[in-house]
Amino acid sequence: MTCFADDVRPDLFDREPFMFKHRLLGHPALEMSNLARMIPTLPDWQVHYSSGKLKRGDNFETAHHDHANGMSIEETIDTLKTSNSYIMIREPDRDGSFHPLYRELMKDVRGVLDAAGTSGQPNDPKMYLFISSPDSVTPFHIDRYTNFLMQFQGSKQISVFPQWDPAVMNADVRESLVAYSGKRPLWRPEMDALATTYDFQPGDTLHIPFVAGHHVRNGPSEVSISLSLFFKTDENLLLTDAMVLNDHLRRLKLNPAGVGASRWRDAAKAGVWRTGKQLNTRMRNLGAAGAVGALGAASAIGTLGALALID
């Protein structure tokens, strides 16, 4: 591997967080001069920025609207040392300076997957860049992806929580987050006893498993620059479909068992959801003439599947 060092822990992949080293310090794409050139040229959908004076319990996904810092992106970049700001860049690899880095990281991710015995390729990979002021806080949240987070400048303390522990997050909240159906995670101070906290320095990489909750506080001295590579394994896709089905069942006032405890049950739920999506596509393609028969089949499969999977 060219980006990751040889202390990666494939045996823990997507089950527990672990920290290891990367070999990318000094990469020109991550120099502040390159970032200051690139970021103002990006379209609005790629650039989210806000105040960094957030609390662990704030809504991370709406922070760029709820806690705007009142400055332009150029002013935010120029004053990061003192303005208590937070910048998130989606898909910086669309800029030519990041293309080679993205390709090399993807090769290393495939190497980790192979070493972990995980079948398939990384699905829907996405690169994110984070630049934030000293003492900035990233609120408690989950990622709907597996994550490798690399630190390039400054320091952080990152607290990562067990993936499926109901004392961290109820199943219905996690499922709603994955399904984008409206609920949000709630942080409570007593939860921190369940977290593993990492002191994160330049050259460190942290693997955060799929849907594992976490929150972050930057160190007090320097602007922090970090880079994440998100992706989904085939197993993540299966779990996602199972959670989306559960979310739909809960909105029908049913009480399905939570995802993450039983592999066969999760696979069955994912199969039901995928079959329903296929039938829905066929219904649209058939039009009104064939829709009645397809709808009846879909309803029967959905009902049988739901009834079979309720606790």
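**Figure 1. The buried residues of helix α4 in this predicted model.** Eight names to look for here: Leu-101, Tyr-102, Leu-105, Met-106, Asp-108, Val-109, Val-112 and Leu-113 are the buried residues of α4. Look down the helix axis and these residues fall within an arc of 170 degrees, so they line one face of α4. What do they pack against? Their partners are three strands: β4 (123-132), β6 (146-153) and β11 (224-232). Over on the other side of α4, Asp-114 and Ala-115 are exposed.

**Figure 2. Helix α4 from end to end, and what follows.** Helix α4 covers residues 99-115, which makes 17 residues.

**Figure 3. Ser-176 and its contacts.** Find helix α5 (residues 171-179), and you'll find Ser-176 in it. Is Ser-176 buried or exposed? Its relative accessibility is 2%, and buried means under 20%, so Ser-176 counts as buried. Its side chain reaches the backbone nitrogen of Gly-182 at 3.5 Å. If you skip the neighbours within four places in sequence, Ser-176 is in contact with Ser-181, Gly-182, Lys-183 and Asp-247.

**Figure 4. Asn-84, a residue with positive phi.** Most residues other than glycine have a negative phi. Asn-84 isn't a glycine, yet its phi is positive, near 50 degrees. Where is Asn-84? Look in the loop between α3 (73-78) and β3 (85-90). With 26% relative accessibility, Asn-84 counts as partly exposed.

**Figure 5. Val-211, another positive phi in a loop.** Here's a valine with a positive phi of about 55 degrees. Val-211 belongs to the loop that links β9 (204-208) and β10 (214-218). How does Val-211 count, buried or exposed? At 1% relative accessibility, Val-211 counts as buried.

**Figure 6. An open sheet of four strands.** Follow the strands across the sheet and the order is β5-β10-β7-β8, with antiparallel pairing. Which strands are at the edges? They are β5 (137-141) and β8 (196-200), and each of them pairs on one side only. From one strand to the next, the twist averages 15 degrees. Now zoom in on strand β7 (residues 156-160), which is joined to β10 by five bridges. The two strands β7 and β10 run antiparallel.

**Figure 7. Strand β2 and its link to β3.** Strand β2 takes in residues 47-51. How many of its five residues are buried? Four of them are, so β2 is largely enclosed by the rest of the structure. Five bridges connect β2 with β3, and these strands run antiparallel.

Definitions and conventions: Residues numbered from 1 in each chain as written. Predicted model: local features only at pLDDT ≥ 70, side-chain atom pairs only at ≥ 80, totals over all residues. Heavy atoms only, no water. Expected span 1.5 Å × (residues − 1). Buried < 20%, exposed > 50% of the residue type's maximum accessible area, 1.4 Å probe, protein only. Arc of directions from axis to C-beta. Contact = heavy atoms within 4.5 Å. Polar contact = N/O pair within 3.5 Å; in protein donor to acceptor, adjacent residues only side chain to side chain. Pairing = 2+ DSSP bridges. Axes fitted to C-alpha atoms, helices over the stretch in contact; angles between N-to-C directions.
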